[in-house]
Amino acid sequence: MAAPRARGCGLSGLLPAQTSLEYALLDAVTQQEKDSLVYQYVQKVDSWEQDLSVPDFPEGLEWLNTEEPMSVYKDLCGKVVVLDFFTYCCINCLHLLPDLHALEHTYSDKDGLLVVGVHSAKFPNEKVLDNIKSAVLRYNITHPVVNDADASLWQELEVSCWPTLVILGPRGNMLFSLIGEGHKDKLFLYTSIALKYYKDRGQIRDNKIGIKLYKDSLPPSPLLFPGKVTIDHVTSRLVIADTGHHRILVVWKNGQIQYSIGGHQGGWYSGSSTSQVQAIRGYFIDLEAEKVSTVAGIGIQGTDKEGGAKGEQQPISSPWDVVFGSSGPEVQRDDILWIAMAGTHQIWALLLDSGKLPKKNELKKGTCLRFAGSGNEENRNNAYPHKAGFAQPSGLSLASEDPWSCLFVADSESSTVRTVSLKDGAVKHLVGGERDPMNLFAFGDVDGVGINAKLQHPLGVTWDKKRNLLYVADSYNHKIKVVDPKTKNCTTLAGTGDTNDVISSSFTESTFNEPGGLCIGENGRLLYVADTNNHQIKVMDLETKMTSVLPIITSENAVVDGPFPAEKQRTLPKLPKSAPSIGLSPMTACPGQTLQFKLRLELPSGAKLTDGAPSCWFLSADGNEWLLQGQIPSGDIENISNQPTISLQIPGDCLSLEAVVSISVFLYYCSADSSACMMKAILFSQPLQITDTEQGCMAPVELRYVF
C-alpha cells in the first residue's frame, strides 16, 4: 500500500509499519518465518511512493576515522547504513558497542554494510572533538564517527534517547529504528534481510569506504586511559586499572612496575597473573600469591536487578567501582565488597563471609545481590534503599567510622555525590544535581553548598579519614574537588578546567583531562589521581599543594604479561607550562665547528634520580631542522653527579646565518624519603650566528639550574 506523498523525515513515520512488524515477529516460530516477515516489510517500505529520506550530514561537521567528511547521498550511496546515535558518557551506549563490533565483523563495506556513529552530546564536555577522540580510542570504535555537536540530525529525525539506531537503505531511505540496548538479534535480522533484499535488486555497491583510524596516529604510551587507581596500604603499592591495555598494573610508589595482570587483548580467564581482564566480571586479585579468581559475574552482561545467587553464578552489568567494607561496626574485618553497578544503576554487595545487610535477613557467604537502587535511572533519594534511584553510579568510597558510617557514591549521570547509610541503607543527597529526581541535566561547574554546588559527570570519590574530607574526580569539568560532608560545602581543590597537560605545578595551575579515579596514600599526605585522558597517574601533595606525574617504570625483574609498547623513535615530549625557559647569550660559530653544552643541574637536597625512569635531554631547532641532520638529537641522563655533555656540529652547508638551538631537559626524581616522585623540565635556548670566519676553541657552555 502506497504511503502518502507528503512524508516527514522523522522516525515517527516508520512507527506504524515497524510496530506491526514487531507484533508479527512475536508470533513467528521459525527463523524462516522471521526472515520472510522482515523481507516483506522491507519490500513494503521500499515500495512507498516517497522515501522516508534521512537528511544529509550538515557541512562543516568534524569527522573521525575517515579520510574526509562523508555524505549519505554520495559516499554512502549503495550501502545499508546503521546510524548509531550515541553519547560517550552513556552506559547504555557502551553496552551497544559489542553488538556493533560483532555486526561489523560479520558484514564489511564490501558486503554493503557501514556503521556510522553520530555523536550527539549530553554534556558540554562531550561536544569537544578531542574528548570524543579519546572515547573513540578508549572503546576501540573503528567505524566513522561524526561530531554532531548541535544535535542537528538528532532533532531532524526526532531521536528521543540514547542509544538509538537508524538503519538506512542504499538511497538514504529509512527502514528501521531500534531504541535502547539489548536488540542484538533484531539488529542482525534487520540488517541481513535489508542487505539480501537490495542485493537481489542489484542496488548494493561493493566499493570500499575511505577509513583512516585515528588510533593509528597515536604514539605508544605505558598507560592508556587509566580509569581507576587504589593503594595497598600495607606495602604502599599502587594498583592501576590500565583500561586501554586491558590490564591491571601493580607498581611501587616510585612508579616501578612489580607485575601486571592481563594483556593487550581483553578476555576473561581466571588463574595466574597472566589472566586477562574484562569488565563484565568481578575479580579478586591476590597480590601476594599473584592469583586472579572470579568472585562475581559469568562473563556475559546481565539484566538482573535483584541478584541473590552465588557470586560466580550471578550475572552482573558493568561494575564501575568496588570498595571493601564491613557489615556492621561490631565486625572487625572487611566482610563485604560493595559494587557500583553502573549498568543497572544500583549499588550491589558481595558477601565475603556470612552475615547481614541493613534490612536483610542472614545471608550466606558468596551471595551477590542488590543493596540500593530500584534500577530506574533517576536522581531519587529515599529512606528505603530499594526505592532510591541512581544514574550510572561510577565511584565508591567508604567512611565506616561514626558519625559518617556510609558509602559515598559518585553518581555520574545525575552529576551528584550521594551517600548510602551502612546502618539502614537510606540514600541521601550530598552535593550537585537538583531536587527533581527525573532531571539528569542539572550539571555545571559551581563551587557551593549542597544542591547549589554543580558537578559534571563525576566518576570517582575517595575519603580522607585524617581530615574528614571527601575528594571528588569531577571528570567532565577536568577538576578535583573537595567536599566537607558536615557542611556540604564543595570547592575546587585543583585543576583549571583546561585539558592541556601541565606535568608539574601547583594545585591552582594543575590540569587534568577527564580524571576517572583517585585514592589517598602516605597517611593522608598524597592524593593519587587517574588522569584518564592524559594517560597518567598524577600525584597531589596535600601538604605542599604541588602536583607531579608518577613515572611508570619497567625493569628487568618486572613481570609484565601484556605488551608494553616501546617507542621506535624517541619523540620530544611537550614541555609543561611551569617549566622555566632560560635564554643564553648569543654565540658565534662557523661551519664544521663542534659546540658543546655541559648539563649542570641540581636537584633539591637529598633528592635522587628515579631508577629506570626516562630522564633525558633533547635537541631541537624549530624552522632550522637542517642544523640537526646527522646529529644525536637526544640522550639519557643516568646519574645526576655525572651529567652528559651534549655535542652539536655545525653543518658544512648552512641554510641560514641565524638560528636558535633548544635544549630540553626532563628529570624524574624522588624526594629524600621517597614519599613523593616527580618530573621537572627546563628549556635552554641558544641563539647562533653563523659566520665564515674560523672561530677558536671554545669551552663547553654550562647549562646551570637549581630545581
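Me: Taking contact to mean heavy atoms within 4.5 Å, which residues of α1 meet which residues in α6?

Reply: In this predicted model, Gln18, Leu21, Glu22 and Leu25 in α1 meet Lys186, Leu189 and Tyr190 in α6. Sorted by class, the residues of this contact are 4 nonpolar, 1 polar and 2 charged.

Me: What makes α1 roughly perpendicular to α6?

Reply: The axes of α1 and α6, the latter spanning residues 184-200, come within 14 Å and cross at roughly 115°. Angles of 65 to 115 degrees count as roughly perpendicular, and α1 is therefore placed in that class relative to α6. The crossing in which α1 passes α6 is right-handed.

Me: Why are α1 and α2 called roughly antiparallel?

Reply: Helix α1 covers residues 15-27 and helix α2 covers residues 31-46, and their axes, which come within 10 Å, cross at roughly 170°. Angles over 145 degrees count as roughly antiparallel, and therefore α1 and α2 are described in that way. Here, too, α1 passes its partner, α2, in a right-handed crossing.

Me: Which residues in α1 and α2 meet, and how do they divide into nonpolar, polar and charged?

Reply: On the α1 side there are Ala17, Gln18, Leu21, Ala24 and Leu25, and these meet Lys34, Leu37, Val38, Tyr41 and Lys44 in α2. Of the residues in this contact, 7 are nonpolar, 1 is polar and 2 are charged.

Me: What makes β25 and β26 a pair?

Reply: They are joined over 5 bridges in the antiparallel sense, with β26 running over residues 479-484, which can be set against the requirement of at least two bridges. Tyr471 stands opposite Val482 in β26. The hairpin that β25 and β26 form has 4 residues between them, and His478 in the turn has a positive phi of about 60°.

Me: What makes β7 and β10 the edge strands of their sheet?

Reply: The open sheet has 4 strands in the order β7-β8-β9-β10, with antiparallel pairing. Both β7 (226-232) and β10 (257-262) pair on one side only, and these are the edge strands. From one strand to the next, the twist averages 20°. Strand β9, residues 247-251, pairs with β10 over 5 bridges in the antiparallel sense, and the bridge partner of Arg247 in β10 is Gly262.

Me: Why does Gln456 count as buried?

Reply: The cut-off for buried is under 20% relative accessible area, and Gln456, at 6% relative accessibility, therefore counts as buried. Gln456 lies in the loop between β23 (448-449) and β24. Neighbours within four places in sequence set aside, the contacts of Gln456 include Phe123, Pro124, Phe443, Asp474 and Tyr476.

Notes
Residues are numbered from 1 along each chain as its sequence is written. This is a predicted model: local features need pLDDT of at least 70, side-chain atom pairs count only at pLDDT 80 or more; totals for chains, interfaces and linings use all residues. Side-chain values use heavy atoms; hydrogens and water are left out. Axes are lines fitted to C-alpha atoms, for helices over the stretch in contact, and angles run from 0 to 180 degrees between N-to-C directions. Helices (H or I, at least four residues) and strands (E, at least two) are DSSP runs, numbered from the N terminus. Angles under 35 degrees count as roughly parallel, over 145 as roughly antiparallel, 65 to 115 as roughly perpendicular and the rest as oblique. A crossing is left-handed if the near helix is turned anticlockwise from the far one by less than a right angle, and right-handed if clockwise. Contact means heavy atoms within 4.5 Å. Ala, Val, Leu, Ile, Met, Phe, Trp, Tyr, Cys and Pro count as nonpolar, Asp, Glu, Lys and Arg as charged, and the others, Gly among them, as polar. Buried means under 20% relative accessible area, exposed over 50%, partly exposed in between (1.4 Å probe, protein chains only).
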